[in-house]
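Below are my notes on the model, as numbered points.

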Amino acid sequence: MSDLSRFPVTRKWPAQHPERLQLYSLPTPNGVKVSIMLEETGLPYEPHLVSFETNDQLSPEFLSLNPNNKIPAILDPDGPGGRPLALFESGAILVYLAEKTGRLIATDPAARYETLQWLMFQMGGVGPMFGQLGFFHKFAGKDYEDKRPRDRYVAESRRLLGVLDRHLEARLWIMGDEYGIADIATFPWVNNLVGFYGAGELVGIADFANVQRVLKSFMARPAVARGLAIPQRAKPAQ
């Protein structure tokens, strides 16, 4: 069994099951990508809540794992060569877990690169643009009198939804008949856009029938339902 004690992150979040993969996260669109992936693959793991309310992500222990202070991050005691591996960035973690388990990514080289292409589409476009729209529509940005910043992100989000909708025409999933990491990366953000951000009407989600269809299929998966609530948020103090 690997000794994880040399990793400072385990001092703040002790591993009760050090033989399992350790997940440090929060149930946000980026965070649940990894918990959904873990639920889909069945890999044993131990989740740890990184609370933004108490600035856990800025603690020295978390920064030792991810100097970019973002969730999610993992610590796998059984990494390549049997040595522990610490990893951050949700896209990189999805690729790692897919290759570790041999699941949810194509083995054919051309299809694998196409999968990575759509993963990068989410990482570089869907996530940042939907996130900025959420800021200007739901959070502090909603109080800005000048709506041009919000409308810029609305327009770009609609454009990205259009790209995705056209691609999904006559496809069950982003890669066709096979569900995989491109879907796990993308649809938590679509779900967040229309759900938590409440921006469905703003972006005209009704115009994107294929996106809605695949989102419904995604949300119906049992592993997705479980992963969306992991790690559980801390209950408010009584």
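1. Ala 170 sits in the loop between α6 and α7; helices (H or I, at least four residues) and strands (E, at least two) are DSSP runs numbered from the N terminus. Its phi is near 65°, a positive value in a residue other than glycine. Ala 170 is exposed, with a relative accessible area of 78% (exposed means over 50%, buried under 20%, partly exposed in between; 1.4 Å probe, protein chains only).

2. On provenance: this is a predicted model, in which local features need pLDDT of at least 70 and side-chain atom pairs count only at pLDDT 80 or more, while totals for chains, interfaces and linings use all residues. Residues are numbered from 1 along each chain as its sequence is written, and side-chain values use heavy atoms, with hydrogens and water left out.

3. Glu 89, in the loop between β4 (85-88) and α4, also has a positive phi, near 80°. Glu 89 is partly exposed, at 36% relative accessibility.

4. One joins Ile 71 and Pro 72, with omega about 0°; Pro 72 lies in the loop between α3 (60-65) and β3 (73-76). The other runs from Ile 230 to Pro 231, with omega near -10°, and Pro 231 is in the segment after α10 (222-227).
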